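Here is a short briefing for a first look at this structure. Start with the sequence and the 3D view, then read on.

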Amino acid sequence: MISFSPPRMDKKIVDAVVDTLYSGWITTGPKTKKFEKMLTAYGGQQATLCVSSGSAGLEFALRWFGVGEGDEVIVPAYTYCATANVVPHCGAKVIFVDVGEDFNISVEAIEKAITPRTKAIIPVDIAGFPCDYNEINALVNREDIRKKFMPETNEQKELGRILVLSDAAHSIGAWYHGKRTGSLTDITVYSFHAVKTITTAEGGAICLNLPSPFDNEAIYQDLNIKSLHGQTKDALTKTQIGNWRYDIVELGYKFNMTDIQAAMGMVELERNDNDMLVRRKEVFDRYTTALSAYPWAQLPTYETPEKQSSYHVFLLRINGINEEQRDEIIREIFKRDVAVNVHFVPLPMMTYYKDAGYRMPDYPISYDNYSREITLPVYYDLTDEMVDEVVRAVVEAVEEVVNL
Ligand SMILES: Cc1ncc(COP(=O)(O)O)c(C=O)c1O
């Protein structure tokens, strides 16, 4: 059976984890701080705070900006639930908008959805392909859009416009106009969940890149304290001799990353460019070459002059089929011992959001993308022979189900 997304596990990762386990410090400490510095250098943002998950990072960023009751946050209908769920967690309303043919949020749809209540937009780099950030950043900075903005908190007054909070759960390592995700918007959140290109089993990071007059380093320090219950000293500092007394200065959260996670992350990040992304791109190229022979195969864009993907997952669409046929094709692929997936079931189709009144016909491109989509596996240990086997299974399954 070819599995869908096993993590890359080798001696380097195991040694890094074991070393941490025996180091005398396993929760947030020197390794997490070092990983943060590495991430800052990698993404080119101003500062980076590691957190317990991408979901925690998104919620934390919205809470920092003071998003709450009565506010609206614009989110693509086509994403994983984490992007949207954090919005009602903060007490605000999700405003879903449709996506484009490239699976990413439509800038036109964003513009139509902006109201005086809009506090943030969360674009998602689906499958690792960056959104149209120049257009999104230009839109929130447009004079008429800035005039609509109704700031309430100090942070909102200081920014003076809608916050662009980019969900880069899939796209660490991707490029956009010569810059990496992390430094493309005000705040970017990475996920290091087990299936992501860089993993710490669970984990995430908040990349701070707010414009002046914000002091990103000061915000980092503030979020760092907030990520540990608002405690003035972290556990490591408290263990230093005579340094036991601490204060709780505000109502914080428990969002910190452990040094065990950071140890994994550092190994992964160090070899991302020269090793992991190279192999992932080879897999993408091999799928593309093999499947371009079939007119029914709609292949994803993953490189343009301005954008380069992080090659997270390969989103194949089959031309001319409906949702039932897609499901049947997937059953046939599984029968051939190949695991595939669907990224994603659009959120307005999910019970929670359906019950909240969202309707799928309002997001026709999201539905069309979803109904014909089959996600093919991409990971470091997927060999050329395995890629060929996946292709064979897909071709046979499509030919079995669709009368070509
Ligand atoms: C698009 C997207 N956003 C956010 C997340 C949340 O990340 P995490 O699982 O680290 O909370 C995920 C991960 O599954 C995701 O796919």
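α12 passes α16 in a right-handed crossing. A crossing is right-handed if the near helix is turned clockwise from the far one by less than a right angle, and left-handed if anticlockwise. This is a predicted model: local features need pLDDT of at least 70, side-chain atom pairs count only at pLDDT 80 or more, and totals for chains, interfaces and linings use all residues. Residues are numbered from 1 along each chain as its sequence is written.

**Helix α12 against α16**

- Helix α12 covers residues 272–291 and packs on α16 at about 40 degrees, with the axes 10 Å apart. Axes are lines fitted to C-alpha atoms, for helices over the stretch in contact, and angles run from 0 to 180 degrees between N-to-C directions.
- α12 and α16 are therefore oblique to each other. Angles under 35 degrees count as roughly parallel, over 145 as roughly antiparallel, 65 to 115 as roughly perpendicular and the rest as oblique.
- From α12, the contact uses Val 283, Arg 286, Tyr 287, Ala 290 and Leu 291; from α16, it uses Asp 384, Val 387 and Val 391. Two residues are in contact if their C-beta atoms, placed from the backbone, lie within 7 Å.
- Six residues of this α12–α16 contact are nonpolar, none is polar and two are charged. Ala, Val, Leu, Ile, Met, Phe, Trp, Tyr, Cys and Pro count as nonpolar, Asp, Glu, Lys and Arg as charged, and the others, Gly among them, as polar.

**Helix α13 against α16**

- Helix α13 (residues 323–335) packs with α16 (residues 384–401) at about 130 degrees, and their axes lie 8 Å apart.
- The crossing of α13 and α16 is right-handed.
- Gln 325, Glu 328, Ile 329, Glu 332 and Ile 333 of α13 meet Ala 393, Val 394, Ala 397, Val 398, Glu 400 and Val 401 of α16.
- In the contact of α13 with α16, seven residues are nonpolar, one is polar and three are charged.

**The whole chain**

- The protein chain has 16 helices and 13 strands. Helices (H or I, at least four residues) and strands (E, at least two) are DSSP runs, numbered from the N terminus.
- Its C-alpha trace spans about 75 × 55 × 40 Å along the principal axes of the protein chain.
- Of the 404 residues in the protein chain, 48% are buried. A residue is buried if 20 or more other C-beta atoms lie within 10 Å of its own, exposed if 12 or fewer, and partly exposed in between, with C-beta atoms placed from the backbone.

**Pro 88**

- Pro 88 sits in helix α4 (residues 81–89).
- Pro 88 is partly exposed, because 14 other C-beta atoms lie within 10 Å.
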